[in-house]
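The structure is shown first.

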Amino acid sequence: MAKNRKWNNDGLQQIQPLQEKQHRAERRMVVLPTTGISMIILLLLALFPQQVFGDASFNTNRGGVKTGRTAAALEVSSLSDLEMISLWGPSTTDRFNPYTGSLLAPLLIPRVSGTANNTRVQEFILDYFAKLNTTSLTGGTEEAEAEAEAEAEAEAAAATTTTTNSKLKSKKLKHQNRDQLFRRALGTPGIGWHVELDRFTDKTPFGEKTFTNLIFTKNPKAENRLVFAAHFDSKYFPPPLDQKPKNQWNGGDDTLPFIAATDSAVPCAILLDLAASLDRALDHPSRNDKDTTLQLIFFDGEEAFQDWTATDSLYGSRHLAELWAMRSVPRSRTATGRNGGSTSNNLEGIELFVLLDLLGAEGPNVPSFFGATHWVHQHTMLIEQRLWEAKLHGGQALARRKAGIQEREDDDEADDMERLDEDEPPLKGFLTAAPAWGGVDDDHRPFLQRGVPVFHVIPLPFPHVWHKLEDNADAISPEVAEGWANIFRAFAVDYLQLLKPRGQHRRDEL
Ligand SMILES: [Zn+2]
């Protein structure tokens, strides 16, 4: 019973000492030489009333903010579905270990836009998808890898905005364990991930710099997309004046060692997790070009180099939204998304734009920002509740670790879990029903302004380590990161209807 009490109090008493510790740590924190505000909370309501209050009834068919799904059309995955989905793809908590995790650790370096480290992170992400593609398309033969590598090098010399088709350089593949990230029978046919590199230069307070957005699309022929996005660059913090005079700051490699774990390495790792875990289901032969597909966007240049202004911030998302607004794409009469049935620009196929930011720390509190997508927020809360019932909620694993309960399935633990479930609601949901109409300025804005429906997943308040050197590996809870990954995995499965009309996928198929 004592053990049980410890469990039940976790949300209150176990978290409290940590917060105190963090507050103490905060007073010792290095105050970074940031000037002005960076992430301004804007009242977009005044500017975009339609997007904000476009649809308070959660029916999305109104104005320019229709989405292809409605609340009524979405079913929440059952418990058994969630158990199955949780086994898809990379399924160990360790993948979000900030020191050793295959998805997260490679991202945790300073990666300011325009620097060599930023390019290293791009290569890690590209290699990750190349690995998915190489395995799914060719079975991972060395010949195919060599071919892909040669093609990639030829393409690397190409124009500033480059689109390649499903193959990228895979230099490091031979040295990696192909079974490390996901399980799939070699030779399994798949359609692969289409890769688009949006590379461009823009003026910054430190001169012209190169930025690269990375876009991965499962089936580029699909007319409608569910988009998940996050930014992979980290903010530039110049060295103190006594170390380097201001006129020598270069806006890049001389940055302080800020690795931006929540901002947004963890969200990027969650996108990688989504790609691997849904890869097989998205390749299912029963899916066709009419089905809404999954698109993952890794933005460069979200951060301001100095002050957050209209021109010093959101370099990548501003460029991509503008690029896609100008790109004309044919749409058939059966297109189900916004403005279906005509030629349209490449933004109009986005049914829903899900932006992840500042995730991975304990105790997130994510409100609902937009009336037009409030139903999405509500649906995600249902998924979170259902994950709790399935004992797959990240908060449960975190509480178990903090309470010193072993992961092994012994009788005592099972009893604890049962008692907990009978007595207690979730310790603290990641999402809250409370609205925060208006929103936080972020990479979604250039899309929102062009009528794209947005589901912004960002906690308020921000993590207390936000834009401090302490936003490092120690700020991350692997369990919370995994919890988020499970939530979005289930959300994508529901939204893309990867289970319901298609029959069952078993783990041994993956
Ligand atoms: Zn930031």
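Axes are lines fitted to C-alpha atoms, for helices over the stretch in contact, and angles run from 0 to 180 degrees between N-to-C directions. The model discussed here is predicted.

| Pair | Angle | Axis separation |
|---|---|---|
| α10 (residues 374-389) and α14 (residues 478-495) | about 120 degrees | 10 Å |
| α11 (residues 394-402) and α14 | about 160 degrees | 7 Å |

With an angle of about 160 degrees, α11 and α14 are therefore roughly antiparallel to each other, since angles over 145 degrees count as such. The crossing of α11 past α14 is right-handed. On the α11 side, the contact uses Gly394, Gly395, Ala397, Leu398 and Arg401, and on the α14 side Glu479, Val480, Glu482, Gly483, Trp484 and Asn486. Sorted by class, the residues where α11 touches α14 are 4 nonpolar, 4 polar and 3 charged.

For the other pair, an angle of about 120 degrees makes α10 oblique to α14. α10 also passes α14 in a right-handed crossing. Here Thr380, Ile383, Glu384 and Leu387 of α10 meet Asn486, Ile487, Ala490 and Phe491 of α14. This contact of α10 with α14 comprises 5 nonpolar, 2 polar and 1 charged residues.

As for confidence, the chain has a mean pLDDT of 75, with 65% of its residues at 70 or more. Residues 418-426 stay under 50 in pLDDT, and the model gives them 8 contacts beyond four places in sequence. Residues 502-510 are also below 50, with 12 contacts beyond near neighbours in sequence. Where pLDDT is low, predicted coordinates should not be read in detail.

Note on methods: Residues are numbered from 1 along each chain as its sequence is written. This is a predicted model: local features need pLDDT of at least 70, side-chain atom pairs count only at pLDDT 80 or more; totals for chains, interfaces and linings use all residues. Helices (H or I, at least four residues) and strands (E, at least two) are DSSP runs, numbered from the N terminus. Angles under 35 degrees count as roughly parallel, over 145 as roughly antiparallel, 65 to 115 as roughly perpendicular and the rest as oblique. A crossing is left-handed if the near helix is turned anticlockwise from the far one by less than a right angle, and right-handed if clockwise. Two residues are in contact if their C-beta atoms, placed from the backbone, lie within 7 Å. Ala, Val, Leu, Ile, Met, Phe, Trp, Tyr, Cys and Pro count as nonpolar, Asp, Glu, Lys and Arg as charged, and the others, Gly among them, as polar. pLDDT is the predictor's confidence in each residue, from 0 to 100.
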